[in-house]
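Here is a short tour of one protein model. Keep the sequence and the 3D view open as you read.

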Amino acid sequence: MAYTFRGGSHVSEHKNTRRCQIQRLDPPAQVAIPLSQHIGAPCKSLVAVGDYVYRGQMIGNVEGGLGCPVHSSVSGTVKALNPRTNAAGQQVTHVIIESDGEMALDPLIVPHEKKLTETDPEEIVEIIRRAGIVGMGGAGFPTYAKINSALGRVDRLIVNCAECEPYITANHRLLLENPAAVINGTKILLRAFGLRQADIAVEDNKLDAINKLEAMLVDSRLMRVRVLKTKYPQGDERQLIYALTGRELPAGKLPADIGCVVFNAETCAAIFSAFAYGMPSIERIVTVDGDCVAEPKNLLVPIGTSCLEVLEACGGLKHPPHKVIFGGPMMGAAQWDIEMPVTKGTSAILAFSEKAVRDPKLPEVCLHCGRCVQNCPMHLMPNYLVQYAMKGRMEEAEEFGVMSCVGCGTCSYNCPGHMPIVQYIRVAKGAINARRAEARARAEAQNESKEKEAAK
């Protein structure tokens, strides 16, 4: 039986690189490493212009609060600390490092010496924090913080290998080429949470990976391979949890609130690397595809490598792209600069021609067909949400649950009227978040004023 959830849609898969083995990209001559690649406060630089840095050396850290360290992916000399605009329109400091080509490893990088059975959860959390590991499925939430918030509260550990976005095959290739890293990383997480078993969830369009995992785990009681029905957005943790456990995640709650915790397959592999070799998060697997790419590939890319260099490693572009996307076509972010660097959350680089992208000249009109409602995995009414957003009626949108939208894009994908529904919903969510932030700021200002008056 294949596990599944209510709603969603079977989108065109385009898994063109499923048979492309992972190739290591040659070290670039220069990297631009953002000091913010995670949810939380940006890092403060630990290096200055002219400093020599090793591969794997920590170059940025967050003192207090939510955040994640950043490390150099090459050895070489710091040439600049430049503020650059990222895809979200935010100014982020980038550490520009000129590689010496030696890839000299930081002498401080050493394997974890204790046995796993002798390592307590606090030590595990600290090793993961220092390694700078974030959710590599694209969310970018610091992994150590996710573990901390779930300790003592969960009874189900799920490894997310669904990879439901079209085109992306990075996790699929990881499961085929290095499944032991995923399995061993999962064992470390089981130790951290004090659990006896984990579920490894894989969609049924990856039968070769499923067979390989089942063969490796045939005598293991620690992990079960759970086969999921291929359907988008099966990889969303809310849908994944429901499919495997039947538990529904209420709006505004975290998976730990219903006893579950979910980690991406590549995140598990990064955790194992941090323990077995002491390696921080300085590279990741990137699927490179799209009708503009000469030779689609799966590449192991140093963090900070420019998008253009990655594309050149795939034979360059056959023709100028109309759109370049970091991540999948459903939830990825279109880039305005082809020199944008690869970050910890860049699972794919997709380059599409104008012919491959939906014609923006087509009229946008709601046909009242109800497909968006039928396919919404969160059981919302996107038809109403988009109308409220277009009219600026954000209070009604909020009452209809707009903040529960996960932004999967299933509504827009299935809309015969070419309505950019998810974009309108994002605008509404942004406006509501801005209004909430203003309300918090006013409340804090009023509290400060009252405290000053009381002090007098």
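## Aromatic pairs

Tyrosine 52 has 39% relative accessibility, so tyrosine 52 counts as partly exposed (buried is under 20% relative accessible area, exposed over 50%, partly exposed in between, with a 1.4 Å probe and protein chains only). Tyrosine 54, at 31%, is partly exposed too. This is a predicted model: local features need pLDDT of at least 70, side-chain atom pairs count only at pLDDT 80 or more, and totals for chains, interfaces and linings use all residues. Residues are numbered from 1 along each chain as its sequence is written, and side-chain values use heavy atoms, with hydrogens and water left out.

How many aromatic pairs does a search of the whole structure find? The search finds six (rings of Phe, Tyr and Trp, the last by its six-membered ring, with centres within 6.5 Å; planes under 30 degrees apart are stacked, over 60 edge-to-face, the rest tilted). Tyrosine 52 and tyrosine 54 are edge-to-face because their planes stand at 90 degrees, with ring centres 5.4 Å apart. Tyrosine 167 and phenylalanine 352 are also edge-to-face, at 5.2 Å and 65 degrees. This pair links distant parts of the chain, 185 residues apart. Tyrosine 167 is in the loop between strand 9 (156-161) and helix 3 (170-177), and phenylalanine 352 is in strand 17 (residues 348-352). (Helices, H or I, have at least four residues and strands, E, at least two; both are DSSP runs numbered from the N terminus.) Both residues, tyrosine 167 and phenylalanine 352, are buried. Elsewhere, ring pairs join Tyr384, Tyr388 and Phe400 into a cluster.

## Charges over rings

Lysine 231 puts its charged end over the ring of phenylalanine 5, 4.5 Å from the centre (NZ of Lys or CZ of Arg within 6 Å of the ring centre and within 35 degrees of the ring normal). Lysine 146 lies over the face of phenylalanine 263, 5.1 Å from the ring centre.

## Cysteines

How many disulfides does a search of the whole structure find? It finds zero (a disulfide needs two cysteine sulfur atoms within 2.5 Å). For cysteine 268, the nearest cysteine sulfur is that of cysteine 161, 7.3 Å away. Cysteine 268 is buried, because its relative accessibility is 0%.
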